[in-house]
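Biologist: I am new to this structure. Please show it to me, and let me ask about it.
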Amino acid sequence: MNTETTTKSPEAASVPPPGAASAPKRAARGHRRLLTRRDRFTLALMAGVPTVLHVALVWATALASIALAFTTWDGIGFGSIKWVGLQNFHQLFADNPQFWPAVQHNVIWFVVLILIPTPFGLFLAVQLDKNIRFSRVYQTAFFLPVVISMACIGFVWQLVYNPDTGLINSLIGANKPGHYIDWIGDPKLNLWAVLVAASWRHTGYMMILYLAGLKGIDPSLREASALDGANEWQTFKHVIFPTLRPTNTVVLVVTIIESLRAFDLVFVFNKGAQGTELLSILVTNNIIGESSRIGYGSAIAVVLLVISLVVIIPYLVATFRKERRS
Amino acid sequence: MHLPLPGLSAPTPSRRTLLRGIGGAAALGAGIPLLSACGGSDAASDSKTVTVGSNASDAVPKKAFADVYAAFKKQSGLTVDVNTKDHNTFQEQINSYLQGTPDDVFNWFAGYRMQFFAAKKLATPIDDVWAKIGDNFPDAMKKLSKGEDGKYYFVPMTTYPWAVFYRKSVFQQYGYKVPTTWDELVALCKQMKKDKLVPIAFGDKDAWPAMGTFDQINFRLNGYDFHVQLMAGKASWTDAKVKATFDHWAELLPYHQDGFMGRTWQDAAQTLVAKKAGMYLLGTFVAQQFTNKDDLDDLDFFPFPEINSAYGQDTVEAPTDGLMVSKAPKNHAGVLKLLEYMGSPAAEELYLKGDPSVVAASSKADTSAYSALQKKAFDMIGGAKTLTQFMDRDSRPDFTSTVMQPGLQKFLQNPKGVDSLLSSIERQKKQIFATA
């Protein structure tokens, strides 16, 4: 989930504590020590405080959450925490009618995002990269949804999908008894309805990432391929796309993260009711509220964490290996 | 989120909260008590002040409560220090709020939700208050204010019934008669369909309205006692009686408004306002959607028809709001005085003057200022043999929100799959109630 902060922590942790005792002895030896005691103190403070906060707010809570996944707890007093072993997971996998649909929907979310808005974003980026007229206007128009928060997008698309008064049903007259299209409620439709909204936003996001990648390509590559007589498609296929490899990796990771953390749009849309269940929504529904099932909710959170790790760890390993090689 | 109250949309948790929810659920559990501890007021330590934690964050009830507290100050010399929180936030944080340093008195709901915190020893029994105010309330209200240990924990203030709403002019125009039995109801639905009306307006986007329909059919068919047993997790959801409830519901389902899963109750109410729908089963708050005075005067309701003659129409669903005392109030003497006052008909009359959308819980309150609708609601509650609250107030909220809300929606989508649905509900119920 938190790639950024996770990669930061090893460095942060490796900063030594202020070594006050040995400092004067070494300082006498010459000019090799660049940092004064004061500098070291400042550095320790600057690295130490974030480290403590990071460990307390990210690691400690993550570990506590994993521990709580093996308990039941209603959140009232620490005395009511009861160890139940794997029971939460057993209930989750065997008896929760919403769990497997939620997993499935998270996967569908990823597949749709990678298959539709991602290539479309790439297509738009390639077009905009040609410096066509009004390129800035198009760029802004496509990128605008990314600036708006997902919750707002949810509200806006609800107005479009509202079965009685929404734009679509009003236009096509599908709000009368007999031929009624319930975009938000029908479990066969609603996930796809939400995904249209999510894709609408994701396209702009992908476009900007690819545009940045394309701007970084050496123009001499294009010239060379033009001199070799390659047409536009051939240039794209054999020259441009292969050089976009680093961008593709980022795009893949971003899309995976987007599909795992999908929440706000659906929560606003219909709170993850029939047809739009998501893991993140199940976690929230179980944990937040007046008599919470904190242990059970944590178990779902742990499942989500494991899925995230399965995806993130190979990426981190590959990145670190590359850095070491260079 | 789980409250059958009008006009409340759930706040969307920020992404940061969610990330932490995923990365560390414990952060929420451990973090909130710290935060809410800051909210506690120190002013409570002096004997001239009583602090109240209030969920009355909407303008109308907030003002109405303020008027009541001002009158109390005049009478007793005690100041009421109100700490108002957003209605939904109040509910979501109630757990940690009551464990931290809560105010002396707090707004809450009658029924299982009150009993839950009483059983967890997060509330103080107030039998001494009830010794003085007991005569002001009908027996059904007394029953609602007691914890499982038989002690009183709650002072009811206001309530409103659930019933079937209709427009007098529509019934007149088509010559319909108010149905009093199940067969009459079904026949009326059929007739309305012929007359090109939507027989029953319905919207279940917020997932709680369906619970109201279940409640009505279940206690009419199986009686109050069974309903309460079922809600308390004691009766089995695989019982043939529950199956019969769903069978009745399935019989009525074809007469419900199309596309209800994507419709809010407000939108459903609009079809009644527009005279496109014949009936609507909801709480009296449906009247808020009737903004035109003539329309409002045209609105009427009848109790849900009898299904089983053994129980008739003796039960009324009437969610009741009131006050409770936190576990260690700082000004105990002041709290007793305040609650005694709040349980008096005078306090309720004053409150209703500011907030006429509900009716008094006390049977002694003056009803002369009531609208016709309020008068009828008051009589219906006063005449009830037993009162229920609402599914999510009569049962464990974690069960109703994580199992029943999706469960009922599943039934509405696929009424034929009742058997497997009920056994799934029963399995999940056992797991949740086992963790008490």
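Biologist: Which residue of chain B does the side chain of A:Asp164 meet in a salt bridge?

Modeller: This is a predicted model: local features need pLDDT of at least 70, side-chain atom pairs need pLDDT 80 or more, and totals for chains, interfaces and linings use all residues. Residues are numbered from 1 along each chain as written, chains are lettered from A and ligands numbered from 1 in written order, and side-chain values use heavy atoms, without hydrogens and water. A salt bridge puts a side-chain nitrogen of Lys or Arg within 4 Å of a carboxyl oxygen of Asp or Glu. At 2.5 Å, N to O, the partner of A:Asp164 is B:Arg263.

Biologist: How many salt bridges are there between chain B and chain A?

Modeller: The pair A:Asp164 and B:Arg263 is a salt bridge. Between chain B and chain A, the count is 4.

Biologist: How many residues does chain A bring to the contact?

Modeller: Contact means heavy atoms within 4.5 Å. Chain B gives 51 residues, and chain A gives 53.

Biologist: What area do chain B and chain A bury between them?

Modeller: Buried area is the accessible area (1.4 Å probe) lost when two parts are put together, summed over both. Carbon and sulfur atoms hold 58% of it, and the area is about 4,700 Å².

Biologist: How many residues of the lining of the largest pocket are charged?

Modeller: Asp, Glu, Lys and Arg count as charged; Ala, Val, Leu, Ile, Met, Phe, Trp, Tyr, Cys and Pro as nonpolar; the others, Gly among them, as polar. The lining has 26 nonpolar and 13 polar residues, and the charged ones number 11.
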